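Biologist: I have not looked at this structure before. Can you put it up and take me through it?

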Amino acid sequence: MMKLLLADDEKELANALSAILKFNKYEVDCVYDGAAAYEAAYNNSYDALIFDVMMPKMSGIDAVKALREKNIDTPVILLTAKSEFSDKITGLDAGADDYLTKPFNTGELLARLRALIRRSADSKNETVTCGNITLNKDSLEIKTDSASFRLAGRECRMLDLLIARMNSPVSEQQFLDKVFDDDEASREGVVFLYISYLRTKLNAIGANLAIEETEAGMYMLKQK
């Protein structure tokens with residue numbers, strides 16, 4: 001099931017829109033200010049974000065900009081008032097992918113969501129390069145100029161997440177949400193176990209990258 005984050009300080013509108021999205025088979029988290037939107041989007045995995053522009057504590061535009069600066073590339077639709085044309089331009093420049101003007105037809109929102117999520121899935125390159133390694137997400141292979149290794153599927157997804165958040169910490173819960181199913185996520189120490197596997201394989205191929213553990217018990221990929 002696709003998971004969305006909806007952020008709007010108009011609680012009645014947000015809750016009504018959330019009900020419509022859930023009826024259309026989306027899982028939805030609701031928050032009601034920009035700071036909460038940023039924290040939720042940074043600390044959890046979503047298929048798309050729907051942010052109102054005008055929110056307390058942090059605007060939707062500022063939340064998008066802060067997320068893009070942290071290499072969070074989740075697709076974003078901004079909701080703007082009709083008089084906020086300049087905000088549309090500013091929002092797109094900040095990293096938003098689309099916008100809708102209030103009031104809007106929910107059918108149009110659903111159509112734009114489907115298109116946005118589809119484009120996001122289609123645009124994900126199967127091969128990513130970081131430091132001196134190349135990760136092929138199709139063949140599950142990591143390699144350097146001197147050696148290569150085939151990863152398990154979960155190792156590949158964990159490394160892909162670490163690369164996407166290069167130099168930014170990733171929590172154990174983020175790994176559990178994005179990589180593991182419910183049964184596996186309940187196993188104590190499963191994230192640490194797979195991190196150990198990844199460290200071993202990165203060392204074996206002579207990668208110039210290291211997975212460091214922060215004081216807060218999170219994991220971060222850094223160049224040696």
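Modeller: What follows goes through a sheet, some helices and a few loop residues.

Biologist: Before that, what kind of model is this, and how are residues numbered?
Modeller: This is a predicted model, where local features need pLDDT of at least 70, side-chain atom pairs count only at pLDDT 80 or more, and totals for chains, interfaces and linings use all residues. Residues are numbered from 1 along each chain as its sequence is written, and side-chain values use heavy atoms, with hydrogens and water left out.

Biologist: Start with the sheet. What is the strand order, and is the pairing parallel or antiparallel?
Modeller: The order is E6-E7-E8-E9 in an open sheet of four strands, and the pairing is antiparallel. Strands here are DSSP runs of E with at least two residues, helices are runs of H or I with at least four, and both are numbered from the N terminus. Two strands pair if DSSP finds at least two bridges between them.

Biologist: Which strands are at the edges?
Modeller: E6 (127-130) and E9 (148-150) are the edge strands, each pairing on one side only. From one strand to the next the twist averages 15 degrees. Angles run from 0 to 180 degrees between N-to-C directions, and axes are lines fitted to C-alpha atoms, for helices over the stretch in contact.

Biologist: How many bridges join E6 and E7?
Modeller: Four bridges, in the antiparallel sense. Cys 130 stands opposite Ile 133 in E7. The two strands form a hairpin with two residues between them, and Gly 131 in that turn has a positive phi of about 60 degrees.

Biologist: Which helices pack on the sheet?
Modeller: Helix H6 (residues 153-164) does, touching E6, E7 and E8, and its direction makes about 125 degrees with that of E7. Helix H9 (residues 190-204) also packs on the sheet, where it touches E7, E8 and E9 and makes about 150 degrees with the direction of E9. Contact means heavy atoms within 4.5 Å.

Biologist: And which E6 residues are on the covered face?
Modeller: Val 128 and Cys 130 are on the covered face, while Thr 127 and Thr 129 are on the uncovered one.

Biologist: How do H6 and H7 cross?
Modeller: Their axes come within 10 Å and cross at roughly 125 degrees. H6 and H7 are therefore oblique to each other; under 35 degrees would be roughly parallel, over 145 roughly antiparallel, 65 to 115 roughly perpendicular, and the rest is oblique.

Biologist: Which residues make that contact?
Modeller: On H6 they are Arg 154, Arg 157, Met 158, Leu 161 and Leu 162, and on H7 they are Gln 174, Phe 175, Lys 178 and Val 179.

Biologist: Now H2. Which of its residues are buried?
Modeller: In H2 (residues 34-43), Gly 34, Ala 37, Tyr 38, Ala 40, Ala 41 and Tyr 42 are buried. Buried means under 20% relative accessible area, exposed over 50%, and partly exposed in between, using a 1.4 Å probe and protein chains only.

Biologist: What covers them?
Modeller: The cover includes strands E1 (3-7), E2 (27-31) and E3 (48-52), and helices H3 (60-69) and H7 (172-179). At the N-terminal end of H2, Asp 33 is the cap, with a side-chain oxygen 3.0 Å from the backbone nitrogen of Ala 35.

Biologist: On to loops. Which peptide bond is cis?
Modeller: The one from Lys 102 to Pro 103, with omega near -10 degrees. Pro 103 sits in the loop between E5 (98-101) and H5 (106-123).

Biologist: Which residues have a positive phi without being glycine?
Modeller: Lys 25, at about 75 degrees, and Leu 140, at about 65 degrees. Lys 25 is in the loop between H1 (11-23) and E2, and Leu 140 is in the loop between E7 and E8.

Biologist: Is Leu 140 buried or exposed?
Modeller: Leu 140 is buried, with a relative accessible area of 17%, whereas Lys 25 is exposed at 64%. Asp 138, found in the loop between E7 (133-136) and E8 (141-143), counts as exposed at 63%.

Biologist: Last one: where is Thr 74?
Modeller: Thr 74 is in the loop between H3 and E4 (76-80), and is buried with a relative accessible area of 12%. Not counting residues up to four places away in sequence, Thr 74 touches Tyr 46, Asp 47, Ala 48, Leu 49, Arg 68 and Asp 97.

Definitions and conventions. A polar contact is a pair of N or O atoms within 3.5 Å; within protein, one must be able to donate a hydrogen and the other to accept it, and residues adjacent in sequence count only if both atoms are side-chain atoms.
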